[in-house]
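Hi,

Here is the structure I promised to pass on. My notes follow below it.

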Amino acid sequence: MTFIEQWLRSDIKSINAYHVPDSKNLLKLDAMESPFGVPSDLKEDFLNYIDKAKINRYPDADSTQLKSTLRNLMEVPKEFEILLGNGSDELIQLLALACNEGDLVMSFEPSFVMYEMVSKYAHLKYHGIKLDSNFDINLSESIAAINSKNPKLIFIAYPNNPTGNAFDYDAIREIIRSTDALVVLDEAYYAYSDRSFLSEISNFSNLVVLRTISKIGFAGLRLGLLIGSKETIIQLNKLRLPYNINVLTQASANFLLQDKQGILNNAQILIDERHRLFEELSSFSQLKVYPSQTNFLLVRCDDAQSLHSYLIENGILIKGFSSDSSLSEFIRISVSEPSENNTLIEAMRDYYG
Ligand SMILES: *Cc1c(COP(=O)(O)O)cnc(C)c1O
């Protein structure tokens, strides 16, 4: 046994590290990234702005300017506070760290894998409530499970990843009302969805809303935000590492997120493309495409593994699921701009002949 193997927590030894597949030279349709980079008409001003960043100094610990830019972009009411994270993943971890050792975290199955991973790292228990066959919440079963298991923290991805649908709004309200747990509405895909729980924060003292800029064009900057009442955020902020948002992220995001209209336009392009891709893929009799409120589509097909391999051989990376997963017969495809989506559709035509 190596030194580190005998030294390390035994439960960590048995976990596989989060796997990111090699995407070199592939059309990347696996991770819900935006196809749009820095707009060409903003590039020069952007570089001049970044040039002023003082990388020899620690960043502004409160990210004051950036928070006000985010507040404007996402229309966060002034009575709510914002806590920033190095990606929303870091905020999921921070919420787990706020629990007592051994507390229970609950979410739904299938949902975002990070809820379970982070809970285990933080010495918490985890339970996922099964979604129904349409990937929606079974309300009475869910309330019964929550009442009997008494979780400390509940994560609800709204819309959900990897299924793409937004759960029934009133069912979620019932769940928030029925529990003493802190309920985190993870709105990573808010820009592609019809509804949000943001305004509900004033109705429920146990509700916070999590968002990120990763799915609206800025995955590389690593910036997420937790929105809650002043009282809630003041307490949770104690767990944040002091300089978690670096100088270059603060400067880049503060500049680029002021282009609110550009960001909204890009989101609308992807929503339109999602509708088109939904229709195109639905025309293959071998595929069942699920309704989506996100920038990706979940697709059921009998030959998911071989389709996944075929697309890689033809230069396209989509998300497949392992053969022991409940989603082994599914693939998940990020919606991109028109020409990249056409490349995908062509490859699918070739595959199904
Ligand atoms: C992508 C995603 C995140 C992670 O966002 P980062 O800010 O990039 O860490 C969180 N929640 C859900 C549901 C996601 O799909």
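This is a predicted model: local features need pLDDT of at least 70, side-chain atom pairs count only at pLDDT 80 or more; totals for chains, interfaces and linings use all residues.

At what angle do helix α11 and helix α13 pack, and how far apart are their axes? Numbering runs from 1 along each chain as its sequence is written, and side-chain values use heavy atoms, with hydrogens and water left out.

To the helices, then. α11 (residues 260–282) and α13 (residues 338–352) pack at about 10°, with axes 11 Å apart (axes are lines fitted to C-alpha atoms over the stretch in contact, and angles run from 0 to 180 degrees between N-to-C directions). That makes α11 and α13 roughly parallel (under 35 degrees). The contact (heavy atoms within 4.5 Å) includes Leu277 and Leu281 of α11 and Leu344, Ile345 and Met348 of α13.

Next, Thr212, which sits in strand β7 (residues 207–212); helices (H or I, at least four residues) and strands (E, at least two) are DSSP runs, numbered from the N terminus. Thr212 is buried at 2% relative accessible area (buried means under 20%, with a 1.4 Å probe and protein chains only). The Thr212 side chain reaches the backbone nitrogen of Ser214 at 2.9 Å, and one of its polar atoms lies 3.4 Å from the backbone oxygen of Leu223. Beyond its neighbours within four places in sequence, Thr212 touches Met74, Ser88 and Tyr190, among others.

Cheers

Notes. Buried means under 20% relative accessible area, exposed over 50%, partly exposed in between (1.4 Å probe, protein chains only). A polar contact is a pair of N or O atoms within 3.5 Å; within protein, one must be able to donate a hydrogen and the other to accept it, and residues adjacent in sequence count only if both atoms are side-chain atoms. Angles under 35 degrees count as roughly parallel, over 145 as roughly antiparallel, 65 to 115 as roughly perpendicular and the rest as oblique.
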